[in-house]
Protein chains: 2
Amino acid sequence: MKKISDSTVRRMSQYYRSLSRLIEQSVQTISSEKMAQIENITSAQVRKDLSFFGSFGKRGLGYNTVELKTKIGEILGLDHQWNVAIVGAGNIGRALTDYTEFNRQGFFIGTVFESDTSKIGTQCNGVDIVDIEKAKINYKKKAIDIIIIAVPAKHAQAVCEQFVNLGVRAFLNFAPISLQVPDNVVVKNENMSVEIESLSFFLRNG
Amino acid sequence: MKKISDSTVRRMSQYYRSLSRLIEQSVQTISSEKMAQIENITSAQVRKDLSFFGSFGKRGLGYNTVELKTKIGEILGLDHQWNVAIVGAGNIGRALTDYTEFNRQGFFIGTVFESDTSKIGTQCNGVDIVDIEKAKINYKKKAIDIIIIAVPAKHAQAVCEQFVNLGVRAFLNFAPISLQVPDNVVVKNENMSVEIESLSFFLRNG
């Protein structure tokens with residue numbers, strides 16, 4: 001497979017979500033033009049994105065929504081259960097244990113790691129809060145695929161390194177800091193400022 | 001000003017953050033090539049994005065980091081204080097009152113609206129939790145610019161309409177649902193699944 005850009009993968013996620021909605025509305029086929037309109041991009045971009053993964057649509061007929069959703073889901077790895085652990089049982093960590101979208105898409109949150117002894121041993125939305133010192137045992141037992149970092153910025157790099165050393169290759173980082181990782185590890189940053197800045201841009205210029 | 005695409009505005013936010021980091025590291029100038037490398041895009045894209053807003057860089061010298069950051073901040077409206085209210089004092093709403101990045105960028109969270117009487121009248125990280133029935137009075141008093149929707153999906157459209165009717169034009173939506181709004185109103189969706197799906201793509205294909 002050719003090297004796929006981050007923005008293509010991001011658009012794939014958006015196509016996946018739009019297709020889910022279309023299927024709920026009993027829409028059976030969709031043209032690249034209509035899809036482009038939904039996503040507010042060009043139809044050439046839609047066709048280019050999908051061409052990375054082979055040919056789906058039939059000329060003049062458009063794409064079958066169910067087939068396309070299934071195929072994109074496979075590409076994104078959403079046909080698989082991924083074992084996820086959160087580090088940090090603060091507000092963000094707790095909110096994430098309650099974010100049912102993750103579960104629905106195959107991201108199963110099995111553990112929240114904490115260092116605060118008053119929280120260790122309790123649960124949050126049914127998820128066990130476990131001593132971060134027990135990360136190694138828990139990592140092996142739960143076969144953790146993805147770590148979500150929800151600790152203060154000053155602790156984020158150390159937490160990340162701890163799990164890189166255990167063998168974790170994928171991190172979702174909520175701390176407002178850029179993490180340094182080896183080449184074979186991927187970090188995605190969840191920066192909640194980006195969307196709100198688009199709103200201030202609109203209010204300023206719209 | 002020409003019509004600017006959402007993805008350009010999003011990249012502007014990223015440039016702004018990268019420039020902040022570079023300035024902290026005492027970097028005074030940066031070339032479009034180096035900026036492109038940081039953002040993992042082409043230098044032609046960087047130059048094209050910045051050209052929308054006029055000419056900043058000097059050929060062969062690159063961009064002055066402080067000047068460029070200031071200019072992008074103005075474009076994004078970050079030189080202004082925006083009054084923000086959150087609707088919903090659940091986990092996500094509470095986490096956001098504690099998200100200091102918003103405040104640092106000029107997004108001032110003045111109120112959390114709630115319908116749960118056990119929460120109304122209390123505070124969350126110093127922010128008053130106010131009866132949603134008092135939205136109209138509060139909207140006028142606080143001159144709310146942006147509403148953050150952090151209620152369950154089934155209530156999100158009604159909440160949005162309530163504030164559209166009061167005159168709010170900018171919404172940040174955390175509910176996993178697509179909101180219908182008039183043409184002169186903008187909704188940005190904070191979908192936490194997009195980044196985690198990039199991770200599963202990487203684990204599947206990387």
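This is a predicted model: local features need pLDDT of at least 70, side-chain atom pairs count only at pLDDT 80 or more; totals for chains, interfaces and linings use all residues.
Helix α7 (residues 135–142) of chain B packs on helix α8 (residues 153–166) of chain B at about 50°, and their axes lie 11 Å apart. Helices α7(B) and α8(B) are therefore oblique to each other. The crossing of α7(B) past α8(B) is right-handed. From α7(B), the residues involved are B:A135, B:K136 and B:Y139; from α8(B), they are B:Q162, B:F163 and B:L166. By class, this contact has 4 nonpolar, 1 polar and 1 charged residues.

Next, the contact between the chains. Chain A gives 47 residues and chain B gives 47 residues. On the side of chain A that touches chain B, at least two residues each come from α1 (6–24), α5 (91–97), α6 (100–104), β8 (170–173), β9 (186–189) and α9 (193–205) of chain A. The largest share is that of α9(A), with 13 residues. Sorted by class, this side of chain A has 23 nonpolar, 11 polar and 13 charged residues.

Finally, the interior. In soluble globular proteins, nonpolar side chains tend to be buried together. Here the largest nonpolar core holds 78 residues. The residues with the most contacts inside this core are A:V87, A:I148 and A:I149, along with B:V87, B:I148 and B:I149. Take B:I148. Leaving out residues up to four places away in sequence, B:I148 touches B:V84, B:I86, B:V87, B:L96, B:L172 and B:F174.

Methods
Residues are numbered from 1 along each chain as its sequence is written. Chains are lettered from A and ligands numbered from 1 in the order in which they are written. Two residues are in contact if their C-beta atoms, placed from the backbone, lie within 7 Å. Helices (H or I, at least four residues) and strands (E, at least two) are DSSP runs, numbered from the N terminus. Ala, Val, Leu, Ile, Met, Phe, Trp, Tyr, Cys and Pro count as nonpolar, Asp, Glu, Lys and Arg as charged, and the others, Gly among them, as polar. Axes are lines fitted to C-alpha atoms, for helices over the stretch in contact, and angles run from 0 to 180 degrees between N-to-C directions. Angles under 35 degrees count as roughly parallel, over 145 as roughly antiparallel, 65 to 115 as roughly perpendicular and the rest as oblique. A crossing is left-handed if the near helix is turned anticlockwise from the far one by less than a right angle, and right-handed if clockwise. A nonpolar core is a set of buried Ala, Val, Leu, Ile, Met, Phe, Trp, Tyr and Cys residues joined through C-beta atoms within 7 Å. A residue is buried if 20 or more other C-beta atoms lie within 10 Å of its own, exposed if 12 or fewer, and partly exposed in between; C-beta atoms are placed from the backbone.
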